[in-house]
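Subject: A structure for you to look at

Hello,

I am handing over a structure that I have been going through, and I hope you enjoy it. Please open it first, then read my notes below alongside it.

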Amino acid sequence: MMWGTTALDRRINGYLISDATLRGIRDEAARAGVTFFDTAEGYGGGTSEIRLRRLGIPRAGGVVATKFLPTLWRWSEASFIRALRASNWRLGVECCDIYFIHTPIHPRSPDVWVRAAARKHGIRIAANQIMFNLLVSDAPSVRDVVKTCNELGIAVVGYGALGQGLLSDGLTRNKARANRFARLTGLSFDELSELRATIAEIAAGRSVSMAQVCVNWAMRKSVLPLVGIRSVEQLRDTVAATTFELSEAEVRCLDRAALSSSTFARPIARRAAFTVFISCLVTMYRLSHLFADRTAFISHERHTSAKIE
Ligand SMILES: NC(=O)c1ccc[n+]([C@@H]2O[C@H](COP(=O)([O-])OP(=O)(O)OC[C@H]3O[C@@H](n4cnc5c(N)ncnc54)[C@H](OP(=O)(O)O)[C@@H]3O)[C@@H](O)[C@H]2O)c1
């Protein structure tokens, strides 16, 4: 999500991650056996997908998941297939390994898109991506989704494993105030203190980082944790979470401290506002490509739509 290269990404994320850093992350990931990469057409207006291709990750056997963004102007199955083809082209693959539906924000049911891709072609639903961390895991809706996925044999991929920084070391009151997830749910620094103290105590007892405790906990819940890696050091730290196993007692202790700030329960008006916001963001990416970086987003969508029509 942080790997886009447009001027807009620089503004949203504060800086652009350099090619050298990404090559370092790629090489360290290969050494550590990390093979799963998550991207989306919406990340950097497609430039995140292009970066994965340029890093040679899909060709080197990496498992790449990308996502369809159901913006307001997409209503047909053809628009779904067009978007999938454009993503495949940007990734440089014949077919991506996993195609998620990004944030079900559209007035049409996600079922429309699932029919377009999966059921019609006899493809089974392999994975469901939801936010999964100690900030939301106590919400009944989150528990229900995980339980249902387990029953149906659908893997749960949990994004925001570190609560976008709310659950890792070094959080300050100012950082919490600026945090996107905190702003979305209205969570304050003080409301986090008990949960953070529990994570910190377990981390200190094992001489590991708070991030490692969160990642290990998610794995103990049979969820595949996705972590937004921005440096080689963060990758090394995160991977070290696979070298130990939290005890039953530690997992129970974390479960008791977990919060239920589900973003599923957002009121309809906020969801509608979010839909408009995402659609405007994509428009801004398109404009940003027009004026700065013409790397294929628009031209390729036109090309594939001509082919389909
Ligand atoms: N499906 C969806 O709607 C959706 C939504 C959001 C994200 N995602 C996916 O999930 C991925 C991860 O989510 P996310 O980036 O929002 O949340 P996250 O993984 O909870 O947080 C990422 C942030 O944590 C920090 N970090 C990473 N590794 C760390 C470590 N070992 N120790 C301490 N801090 C560490 C970095 O902060 P600094 O910035 O301080 O370096 C990074 O920006 C995204 O890249 C994206 O692929 C999907």
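A definition to begin with: the expected span of a helix is 1.5 Å times one less than its number of residues. Please also keep in mind that this is a predicted model.

**Helix α9**

With that definition in hand, take helix α9, residues 189–206. This helix has 18 residues, and the distance from its first C-alpha to its last is 25 Å, close to the 26 Å expected at 1.5 Å a residue. There is a bend in α9 too, of about 35°, at leucine 195.

Which residues of α9 are buried? They are Leu192, Arg196, Ile199 and Ile202. The cover over the buried residues of α9 includes α7 (173–178), α10 and α12 (248–257).

**Where α9 meets α10**

Next comes the pairing of α9 with helix α10, residues 210–220. Two packed helices are described by the angle between their axes and the distance between the axes. Here the axes come within 8 Å and cross at roughly 100°, which means that α9 is roughly perpendicular to α10.

Which residues make this contact? On the α9 side they are Ile199, Ala200, Ile202 and Ala203, and on the α10 side Met210, Gln212, Val213 and Cys214. Sorted by class, the contact has 7 nonpolar residues, 1 polar residue and no charged ones. Two names here have already come up: Ile199 and Ile202 are among the buried residues of α9.

**Two residues of α10**

Methionine 210 belongs to helix α10. Is methionine 210 buried or exposed? There are 20 other C-beta atoms within 10 Å, so methionine 210 is buried. Apart from its neighbours within four places in sequence, methionine 210 is in contact with Leu167, Ser168, Asp169, Ile199, Ala200 and Ala203. For a sense of scale, the C-alpha atoms of methionine 210 and lysine 120 are separated by 44 Å, and the two residues are 90 apart along the chain.

Further along, alanine 218 is also found in helix α10. Alanine 218 is buried because 23 other C-beta atoms lie within 10 Å. Setting aside its neighbours within four places in sequence, alanine 218 is in contact with Phe132, Asn133, Gly158, Ala161, Val223 and Pro225.

**Two loop residues with positive phi**

Serine 222 lies in the loop between α10 and β6 (223–225). Its phi is near 60°, which is a positive value in a residue other than glycine. Serine 222 has 12 C-beta neighbours inside 10 Å and therefore counts as exposed.

Glutamine 164 is the other one to find, in the loop between β5 (155–159) and α7. For glutamine 164, phi is near 55°, again a positive value in a residue other than glycine. How many C-beta neighbours does glutamine 164 have inside 10 Å? The count is 19, so glutamine 164 is partly exposed.

**A last stop in α12**

Finally, have a look at arginine 256, in helix α12. With 11 other C-beta atoms within 10 Å, arginine 256 is exposed. Arginine 256 and leucine 134 are 122 residues apart in sequence, while their C-alpha atoms are 9.8 Å apart in space.

Terms used:
Residues are numbered from 1 along each chain as its sequence is written. This is a predicted model: local features need pLDDT of at least 70, side-chain atom pairs count only at pLDDT 80 or more; totals for chains, interfaces and linings use all residues. Axes are lines fitted to C-alpha atoms, for helices over the stretch in contact, and angles run from 0 to 180 degrees between N-to-C directions. Helices (H or I, at least four residues) and strands (E, at least two) are DSSP runs, numbered from the N terminus. Angles under 35 degrees count as roughly parallel, over 145 as roughly antiparallel, 65 to 115 as roughly perpendicular and the rest as oblique. Two residues are in contact if their C-beta atoms, placed from the backbone, lie within 7 Å. Ala, Val, Leu, Ile, Met, Phe, Trp, Tyr, Cys and Pro count as nonpolar, Asp, Glu, Lys and Arg as charged, and the others, Gly among them, as polar. The bend at a residue is the angle between axes fitted to the seven residues ending there and the seven starting there.
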